[in-house]
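User: I would like to learn how to read the features of a structure like this one. Could you walk me through it?

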Amino acid sequence: GIGFNISNQIFLFVIMHIPQQKSAVIGCLLGTAIGDAFGLPLEGLSKNRQHRLYPRLNRYHLIFGKGMISDDTEHICMVSQSLIVSAGDTNKFTQAFAWRLRFWLLCLPVGIGSATLKACIKLLLGFSPTKSGVLSAGNGPCMRSAIIGVCYGNDIFKLRSLVKASTRITHKDIKAEWGALAVAIAAYLASTETYVSPKKYYETVTQVLGVEAAEFCELIRMACDSVQALETAALFATQLKINFGISGYVYHTVPIVVQVWLRYQENYVDAIEEIVRLGGDTDTTAAILGGIIGSAVGKSGIPENWLDNLWEYPRTVKWIESLGERLFEVSNSGKHQSALPLSIPGLLLRNLLFSLIVIGHGFRRLLPPY
């Protein structure tokens, strides 16, 4: 369903026929994970409450200066595993991702979005991946699409096909697909160019999405104009009538992410801190933004102390790096490989511990300062 013509095909092939680098693939995955972990403790807090509880954002604030990931990182890792075993074949990818979503739900993850939860339950009940999606324009598909852009942005038809499959397995509102494509395009351009001009990004998105997405493209234009006007993300948020934190609605999330990314294309730290300070769905906004900027800066552009203090198992920083290396090999060779192993008992124990930590963190929020 997204409009596309011959002139668009030629235009996009010229700008996108560039192979990705290993550092971009690894950086996208690690950038997502670190952004997710950084934003998680502040999710749902008002801007004023944030500043009271956490006047400085130079470290994690989940537990003893350590960070943990949420479903945002888990989803981009599942998409990566599915790309590895399918080598980018859309039908095989869809089936592989569906099985991983079923398994993921059985491991009792914490904090699942309602649309994703409903879709995963439908998958467990026997619905096919083409019929499991629910009508939602939430952020789920956006938080897992950056890696598709990094790996397959040089093939516009495969990019669109994979993003569509990744989106509609959980979200069948076309708005969610447009948002996921916009994120994928941003990550691809970030991974291949030293600087992406707002004009070029806007033109690329409008070429891919077409006139059908005119309302969404207008929001992207507003974001690009805001960048050129040297506005802060907070000021741009007020133009979108976002006054109480960024919601889980894709028409709120993606324009804000794009505005911050275009202003801080190689400055991971300042970008993550600014978007987290906007409040709302902070783990997801920081994860999406982190994936895009991580595609540009690689692992070396992410603070070493943030990487060292990611307290995770079995999806450790080393495991995520290995995942990126294997995905890079597959996307360049076109030959599928086996998925990277994960400990099932480790996942179950980790999710139990994570649940207890999240509950404890929730009680901490009830205490002063107010």
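**Buried charges and ring pairs**

Analyst: Happy to. Arg350 counts as buried because its relative accessibility is 7%. Buried means under 20% relative accessible area, exposed means over 50%, and partly exposed lies in between (1.4 Å probe, protein chains only). This is a predicted model, where local features need pLDDT of at least 70, side-chain atom pairs count only at pLDDT 80 or more, and totals for chains, interfaces and linings use all residues. Residues are numbered from 1 along each chain as its sequence is written, and side-chain values use heavy atoms, with hydrogens and water left out.

User: Which residue does Arg350 meet in a salt bridge?

Analyst: A salt bridge is a side-chain nitrogen of Lys or Arg within 4 Å of a carboxyl oxygen of Asp or Glu. Here the partner of Arg350 is Glu74, at 3.6 Å from N to O. This pair links distant parts of the chain, with Arg350 in helix H18 and Glu74 in helix H4 (residues 71-86), 276 residues apart. Helices here are DSSP runs (H or I, at least four residues), numbered from the N terminus. Glu74 also counts as buried, at 3% relative accessibility.

User: How far apart are the closest N and O atoms of Glu321 and Lys299?

Analyst: They are 2.8 Å apart, in another salt bridge. Glu321 lies in helix H17 (residues 317-333) and Lys299 in the loop between helix H15 (282-297) and helix H16 (304-308), so the pair ties together parts 22 residues apart in sequence. Glu321 counts as buried at 18% relative accessibility, while Lys299 is partly exposed at 34%.

User: And how should I read aromatic pairs?

Analyst: A pair of aromatic rings is described by the distance of the centres and the angle of the planes. Rings of Phe, Tyr and Trp (its six-membered ring) pair if their centres lie within 6.5 Å; planes under 30 degrees apart count as stacked, over 60 as edge-to-face and the rest as tilted. The whole structure holds seven such pairs. In one of them, Phe93 and Phe97 have ring centres 5.8 Å apart and planes at 20°, so they are stacked. These two are four residues apart in helix H5 (residues 90-106), which means about one helical turn separates them.

User: Are Phe93 and Phe97 buried or exposed?

Analyst: Phe93 and Phe97 are both buried. Elsewhere, ring pairs join Phe38, Tyr60, Tyr268 and Trp306 into a cluster.
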